[in-house]
Amino acid sequence: TPGISNVHDVRTRKMGDMIVVDAHLEVDATLSVEQGHDIAVEARDRVMQRHRVINMMTHVDPYKRPDRDHAKPGHVAGK
Ligand SMILES: [Zn+2]
């Protein structure tokens, strides 16, 4: 999806014959919240159109900047 520089902490789980996805999307750090949001919505739509994904929760991160919410043992990403 245009605007996405990288993806990390992708998690999937099966729900019946469908798949639920969590993903952290890295976008340009200088984008507005609205722009980052729109990119995440587009990425979610694309995944759900092309794959047997029933839902995809996205989390927007600034590209190449560390954040404190990455998955660690015993923690759930994005909470
Ligand atoms: Zn992250």
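## Model and elements

Helices here are DSSP runs of H or I with at least four residues, strands are runs of E with at least two, and both are numbered from the N terminus. The structure is a predicted model. Its protein chain holds 1 helix and 3 strands, and read from the N terminus these elements follow the order β-β-α-β.

## Burial, contacts and surface

Of the 79 residues in the protein chain, 22% are buried.

Among contacts with a separation of 6 or more in the protein chain, 55% are between residues 24 or more positions apart.

## The sheet

The 3 strands make up an open sheet with the order β1-β2-β3 and mixed pairing. At its edges lie β1 (4-15) and β3 (53-62), each of which pairs on one side only. From one strand to the next, the twist averages 15°.

Strands of a sheet pair through backbone hydrogen bonds, in either a parallel or an antiparallel arrangement. Both arrangements occur here: β1 and β2 (residues 18-27) run antiparallel and are joined by 9 bridges, while β2 and β3 pair in the parallel sense, also over 9 bridges. One residue pair can be given for each pairing. His8 has His24 in β2 as its bridge partner, and Val20 stands opposite Asn55 in β3.

## The helix and the crossover

Helix α1 spans residues 33-50 and packs on the sheet, where α1 touches β1, β2 and β3. The direction of α1 makes about 150° with that of β3.

Together, β2, α1 and β3 form a β-α-β unit, and the unit is right-handed.

## Salt bridges

The model has 3 salt bridges, counted with a cut-off of 4 Å between a side-chain nitrogen of Lys or Arg and a carboxyl oxygen of Asp or Glu. One of them is formed by the side chains of Asp22 and Arg13, with an N to O distance of 3.3 Å. Arg13 has a relative accessibility of 44% and therefore counts as partly exposed.

In another, the side chains of Asp17 and Arg52 meet at 2.8 Å, N to O. This pair links distant parts of the chain: Asp17 belongs to the loop between β1 and β2, Arg52 to the loop between α1 and β3, and the two are 35 residues apart. Asp17 is exposed, its relative accessible area being 52%, where the class of exposed residues starts over 50%. Arg52, at 48% relative accessibility, counts as partly exposed.

Arg46 and Glu42 form a salt bridge in which the closest N and O atoms are 3.1 Å apart. Because these two residues are 4 residues apart in helix α1, about one helical turn separates Arg46 from Glu42.

Both partners fall in the partly exposed class: Arg46 has a relative accessible area of 28%, and Glu42 has one of 35%. The limits of that class are 20% and 50%, so neither Arg46 nor Glu42 counts as buried.

Conventions: Residues are numbered from 1 along each chain as its sequence is written. This is a predicted model: local features need pLDDT of at least 70, side-chain atom pairs count only at pLDDT 80 or more; totals for chains, interfaces and linings use all residues. Side-chain values use heavy atoms; hydrogens and water are left out. Buried means under 20% relative accessible area, exposed over 50%, partly exposed in between (1.4 Å probe, protein chains only). Contact means heavy atoms within 4.5 Å. Two strands pair if DSSP finds at least two bridges between them. Axes are lines fitted to C-alpha atoms, for helices over the stretch in contact, and angles run from 0 to 180 degrees between N-to-C directions. A crossover is right-handed if, with the strands pointing away from the viewer, the path from the first strand over the helix to the second runs clockwise.
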